[in-house]
Amino acid sequence: MEPKWNGQFSCFDLVARTDKHSRTTVQLLDIEIGGNEFVVMAGPCAVESESQLMQTAEAVAEAGARILRGGAYKPRSSPYAFQGLGVEGLKLLRKAREATGLAIVTEVMSEQDVDVIAEYADIMQVGTRSMQNYSLLEALGHCGRPVLLKRGMTATLEELLQSAQVIAAAGNPDIILCERGIRTFETATRNTLDIAAVPVLKAVSHLPVIVDPSHAAGVRSLVPVLSRAAAVVGSDGLIVEVHPAPECALSDGNQSLTFGEFHHMMTDLQPYLDLLQDGRRFRPQLVAAGGAD
Ligand code: PEP
Ligand code: MN
């Protein structure tokens, strides 16, 4: 371990990496996050309608995604923006899960919603604006589902791990960390993707780490290249926004990929995964079908 980090993270004893505990994987259905598969979560920013969600679910599953994302409860910066479909959105996510076999990740903003969201979701997403909502984190400690913990937009890695420790201390060891860009003085991108966060987190914590290139970039043209960067620095996967018609999206259309763009991105990623020592794959079935060997 880099001497600079000695002692800085070890106090978060439930999530810190040690010689004895260097890697945790989060298992759900037949998916192992943090293991040998590069796990891609993809879907719309927000669940908008049945046809939008079902079309997207089918397209991302076909391209190799394993988990469908889609917000039913949306934390919007403006109180006048679309706030999500709520329970109706959760029902649509369930329907998409049944139709495609994709697992579901969706955001929980309030501790009052934990039980209802846990009924529908396979992974509970904590958004950047909620990373330090400790009563929510504690409630997620006993929700019975893995948690995707996104980095607060102005949070240090120490603070991110502190929040992970709160969830683990409340009884839930199944936590996935997510680097989604932080706020800096740069304005060309929506946030600044802290790519170094990935190897640092992998060095100081045993938890899986994924990258959200969509919220980092804010523009769709950068999403594929940031995804490749994430793969080569050792990310365990991605969470990516995809929409059937991004120009009509009710939220985050500028950073959402079309189906075609997502498909291309996935195909282009495989050689980068092949370069890594452990030869990760999206999923064995695709390799068999495509003969990528
Ligand atoms: C989202 O995933 O749509 C989202 C709101 O992300 P973040 O919390 O990272 O802004
Ligand atoms: Mn979004």
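This is a predicted model: local features need pLDDT of at least 70, side-chain atom pairs count only at pLDDT 80 or more; totals for chains, interfaces and linings use all residues.
Let me begin with ligand 1, whose space is the second largest pocket. Around ligand 1 we find Cys 45, Arg 69, Lys 74, Glu 107, Gln 125, Gly 127, Thr 128, Arg 129, Lys 150, Arg 180, His 215 and Glu 241.

Arg 180 places a polar side-chain atom 2.7 Å from an oxygen atom of ligand 1, Lys 74 has a side-chain N or O atom at 2.9 Å from an oxygen atom of the ligand, and for Glu 241 the corresponding distance, from a polar side-chain atom to a ligand oxygen, is 3.3 Å. Of the 300 Å² of accessible area that ligand 1 has on its own, the protein covers 98%.

Now to ligand 2, the manganese ion: which residues coordinate it? The donors are Cys 45 through SG, His 215 through NE2, Glu 241 through OE and Asp 252 through OD, at distances of 2.0 to 2.4 Å. Along the chain, these donors follow the spacing C-x169-H-x25-E-x10-D. Cys 45, in the loop between β3 (39-43) and α1 (50-63), and Asp 252, in the loop between β10 (237-241) and α9 (259-275), are 207 residues apart, and this pair links distant parts of the chain.

Terms used. Residues are numbered from 1 along each chain as its sequence is written. Chains are lettered from A and ligands numbered from 1 in the order in which they are written. Side-chain values use heavy atoms; hydrogens and water are left out. A residue is near a molecule or strand if one of its heavy atoms lies within 4 Å of it. A polar contact is a pair of N or O atoms within 3.5 Å; within protein, one must be able to donate a hydrogen and the other to accept it, and residues adjacent in sequence count only if both atoms are side-chain atoms. Accessible areas come from the Shrake-Rupley method with a 1.4 Å probe; for residues, only the protein chains shown count as cover. On a 1 Å grid over the protein atoms alone, a cavity is a set of points where a 1.4 Å probe fits but cannot get out, and a pocket is an open set with protein on both sides within 12 Å along at least five of seven lines; lining residues have an atom within 4 Å of a point. A molecule sits in a cavity or pocket if more than half of its atoms lie within 2 Å of its grid points. Donors are N, O and S atoms within 2.8 Å of the metal (3.2 Å for Na, K and Ca); water is not among the atoms, so sites may look incomplete. Helices (H or I, at least four residues) and strands (E, at least two) are DSSP runs, numbered from the N terminus.
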